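Here is a report on a two-part reading of the model below. Please keep the sequence and the structure in view while going through it.

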Amino acid sequence: MAYSDKVVDHYEHPRNVGTLPKEDPNVGTGLVGAPECGDVMRLQMKINPATQVIEEAKFKTFGCGSAIASSSLATEWVKGKTVEEALTIKNTDIVRELSLPPVKIHCSVLAEDAIKAAIVDWKKKRAETPAASATANT
Amino acid sequence: MAIKLPIYMDNHATTPVDPRVVEAMLPYFNEKFGNAASRNHSFGWTAEEAVENARAQIARLINATPKEIIFTSGATESNNLALKGAAEMYREKGNHIITQVTEHKAVLDTCKRLEKYGYEVTYLPVGKDGRVDLDDLRRAITPKTILISIMYANNEIGVVQPIAEIGKIAKERGVLFHSDGVQAAGKIPVDVQKDNIDLLALTAHKIYGPKGCGALYVRRRNPRVQLSAIIDGGGHERGMRSGTLNVPGIVGYGKAAELCQNEMAEESARLRGLRDRLKDGLFAKLDEVYINGSMVHRLPHNMNISFAFVEGESLLMGINDVAVSSGSACTSATLEPSYVLKALGVGEDLAHTSIRFGLGRFNTLEEVDYVTNRVIEVVQRLRELSPLYEMAKEGVDLSKMNWKAAAEH
């Protein structure tokens, strides 16, 4: 199968690989997929509770080249966006940007799910620890 | 020595035609182009003589007689002819066939079709080592059993089945024994007499011969095996396979068989050395790597390894100057991970991370070292990228995680 230049570029030079402290109340972690299915993505973002801006995003992915590229691209796109804006990213945007073939569309779906899961996790944490925002504001 | 890239290390899929084979074939395209079935002129006689010479070369490779070799278009056809031909011919005797789960699709799908026609098929399981249990086989035989079909060696994991023991059981019970010998013949000693094989499917392109040319060994004595043809026509090949013979292909096939036979002892030792060097090199530098299938009962040129936490297709993408194949779903047409690995009890998570290395006649020590280093480098890089490797290193038991819940977050 031939990969698009953009997929190859993200695969060879993945952006924002790494790990954020998942106990940090301002860090949301999205872990989606399953090893049995051959794809697991972990997307993490550090969100400023005052401005709701995603200040940092990191990923690690177990999966094919298109899965790695989709999550790498997702970290690039969410950085600097507000939570609200990040939630508007659609898997079809990723498909278009990376020219993914039909058999690889599930990789883009997984990346969209990872963004959503990270934000849900962050919101849940904020609800559980109301002190989080206060601490961050000082 | 300079290495020429890309490196081909997928010799279970196909092999390059040996230059000596090409040379043998060339005159038979335009100079000696006759139809081997033309009985009344020298063009036909020349072609027939070449075909009979090749038939003898192939027969010698498996300790058969030339008349027992039926030429076909390849091993898929040979397997179809063996199974469908025997099923139809011996229908009066019974309708039961025994095979096993890690067979090639040419056997499995043919069995599936025979089931539609009213035959009953038992698919024996295999152990963790990839081999069938002989007691399972004994128990599966019924008075209705007409055929046992067990491959000699597997195309993914290179595991060699206990063929001589199976042949003995089949003979004792009066059941015909067919074997798909594609990966084994020409690579390890295959002897249809010693192994009591009645039908053996073969092909040229796995032994440095041309594509589109195969054979079926059909035993003529003790017992005399009869098959119904699946291709009807001019009655070529003792009526079992009509169609004008592919003379240049057959000449090449014969030459390829002869070369394999002459060089087998030396070549299999060389390949085993290279294969073990590859395995040892990878194991020295990487943790969490697992060999799939028996290491003892294995073709000398095969290695099938799972690199845990690194998905196979992404690994292939990283070693893009090396041609190998993967059991990952992403590389298969069906989007399912390897059914062979699944049958061995390899979890789907590990099946996705498997790579098959198939060494061949033209691989060198320098190439093996290059591939070893490339694989190590890419696996290490991808593990840095793998959330699973990080979690495993932190002591998280990945098998106990609720992945569905994680995904539904």
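## Helix packing in chain A

At roughly what angle do the axes of helix 1 and helix 2 of chain A cross? They cross at roughly 80 degrees and come within 8 Å. Helix 1 of chain A is therefore roughly perpendicular to helix 2 of chain A (65 to 115 degrees; under 35 is roughly parallel, over 145 roughly antiparallel, the rest oblique). Axes are lines fitted to C-alpha atoms, for helices over the stretch in contact, with angles from 0 to 180 degrees between N-to-C directions. Helix 1 of chain A covers residues 5–12. Helices (H or I, at least four residues) and strands (E, at least two) are DSSP runs, numbered from the N terminus. Helix 1 of chain A contributes A:K6, A:V7, A:H10 and A:Y11 to the contact. Helix 2 of chain A answers with residues including A:G65, A:I68 and A:L73. Contact means C-beta atoms, placed from the backbone, within 7 Å. By class, five residues are nonpolar, four polar and one charged. Ala, Val, Leu, Ile, Met, Phe, Trp, Tyr, Cys and Pro count as nonpolar, Asp, Glu, Lys and Arg as charged, and the others, Gly among them, as polar.

Helix 2 of chain A also packs on helix 5 of chain A, with axes that come within 9 Å and cross at roughly 40 degrees. The crossing is right-handed (near helix turned clockwise from the far one by less than a right angle; left-handed if anticlockwise). Among the contact residues are A:S70 and A:A74 of helix 2 of chain A and A:L110 and A:A114 of helix 5 of chain A. This contact has eight nonpolar, four polar and no charged residues.

## Basis of the model

The model is predicted: local features need pLDDT of at least 70, side-chain atom pairs count only at pLDDT 80 or more, and totals for chains, interfaces and linings use all residues. Residues are numbered from 1 along each chain as its sequence is written, while chains are lettered from A and ligands numbered from 1 in the order in which they are written.

## The A–B interface

The contact takes 26 residues from chain A and 22 residues from chain B. On the chain A side, helix 2 (65–78) and helix 5 (105–128) are among the elements that each supply at least two residues. Strand 1 of chain A gives the most, with five residues. The chain A side divides into 14 nonpolar, seven polar and five charged residues.

## Domains of chain B

An automatic or database domain assignment sets the bounds. Domain 1 of chain B is 7–11 + 264–398, and domain 2 is 19–259. Their centres, taken over C-alpha atoms, are 30 Å apart.

## Around strand 8 of chain B

B:G214 is in strand 8 (residues 214–218) of chain B. B:G214 is buried, with 28 other C-beta atoms within 10 Å (buried is 20 or more, exposed 12 or fewer, partly exposed in between, with C-beta atoms placed from the backbone). Its contacts include B:T72, B:E77 and B:L202.

B:Y208 lies in the loop between strand 7 and strand 8 of chain B. Phi of B:Y208 is near 70 degrees, positive in a residue other than glycine. B:Y208 is buried, with 27 other C-beta atoms within 10 Å. B:N222 has phi near 55 degrees and counts as exposed, with 9 C-beta neighbours inside 10 Å. The peptide bond from B:N222 to B:P223 is cis, with omega near -5 degrees.

Note on methods:
Contact = placed C-beta atoms within 7 Å. Lists of a residue's contacts leave out its neighbours within four places in sequence.
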